[in-house]
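Q: Please take a close look at the aromatic side chains of this structure. A connected account for a reader new to the structure would be welcome.

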Amino acid sequence: MSTIAFSLIVFSALMHALWNLLVKRSRDKTVFIWWMFVSSSSLMILALPFVAPFPAPSLRVVGLAAVGAVCFMLYHLFSGRAYRGGDLSMIYPLAQTAMFWVPIWGILLLGEKVSVLGVTGIGLILFGAYSIQLRALAWTEVIRPFRNLRDPAVLAALAAGFIYSIGAVIDKTGVMLYPPFHFTFMLVLFMTLFMTLNIVRSKYRGRITAEFRNSRTLVLISGPVIMASFLSFRYGLQLAPMSYAVPVRQVSLLIGVMIGVLFLGEACGRIRFTAAVLILCGAALVRLG
């Protein structure tokens, strides 16, 4: 994995952690996320004159952007359903099972090759991401989320992880066929459109302007942050195997822990610290691999 690709993806992880912090600090989170995408898509429209001319997209590229947007929307939908019916310590690790599928799809569908160091690094990142919300360093706790596979919350979390991995394949295919900026632009527009179809329902009447008044500064900050996160990741994805890029982006979990401890006054127990170290070591091995 090249230094440029690694740096882009780590920077994307930082931006990813920051926009999640902004969402956490907002009041009406569903409406705020819509505003966030409106802000980022507006910035990308303003940036169009300063980048290369928009090449005519093929139907395949447009379809990839639309399906990719659907995948990421479904990921958030299933994650939300899972969290409504299950504990964070059970649902969060299951949603990280995307890291299990991504290298498989990379090898089988994209013909990627992963070195021994790379496999080891991916394994450490996966285990660190899975462990970061566990309540104890014990085998019984590790397997606890899988004990009731018929639980709707468990099934929704597993579905979220699987769908995210499919979205990652679409992302990788898209940026290999089309310039990353323009593919990201179409992806963000589709996601904004899909979220708008949801936000115009009567239950959100009055909440859109209220959230903008309450979180105006956060909305304005979120636009460039999420745009930087999306673009840097897809430029890095163009330069690196998907099998490496997606796991390395889990460095955002490490950054999230640091933000929580340094700025939000959250406690950092032994489990979270150990998981963060595993993610960091795994990312280093992927870089070397």
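A: In this predicted model, one aromatic cluster is formed by Phe100, Trp101, Trp105 and Phe162. The structure holds 12 aromatic pairs. One of them joins Trp105 and Phe162 in an edge-to-face arrangement, with the ring centres 6.0 Å apart and an angle of 80° between the planes. The label follows because planes over 60 degrees apart count as edge-to-face. Trp105 belongs to helix α5 (residues 98–110), whereas Phe162 belongs to helix α8 (residues 152–177), so the pair ties together parts that are 57 residues apart in sequence.

The two partners may also be described by their accessibility. Trp105 is buried, its relative accessible area being 15%. Phe162 has a relative accessibility of 33% and counts as partly exposed. The cut-off explains these labels, because buried means under 20% relative accessible area and partly exposed lies between that value and 50%.

Aromatic rings also take part in arrangements with charged side chains. The charged end of Arg234 is placed over the ring of Phe230, at 4.8 Å from the ring centre. Likewise, the ring of Phe233 has the charged end of Arg249 over it, 4.5 Å from its centre.

Note on methods:
Residues numbered from 1 in each chain as written. Predicted model: local features only at pLDDT ≥ 70, side-chain atom pairs only at ≥ 80, totals over all residues. Heavy atoms only, no water. Phe/Tyr/Trp six-rings, centres within 6.5 Å; stacked < 30°, edge-to-face > 60°. Helix = DSSP H or I, 4+ residues; strand = E, 2+ residues; numbered from the N terminus. Buried < 20%, exposed > 50% of the residue type's maximum accessible area, 1.4 Å probe, protein only. Lys NZ or Arg CZ within 6 Å of the ring centre and 35° of its normal.
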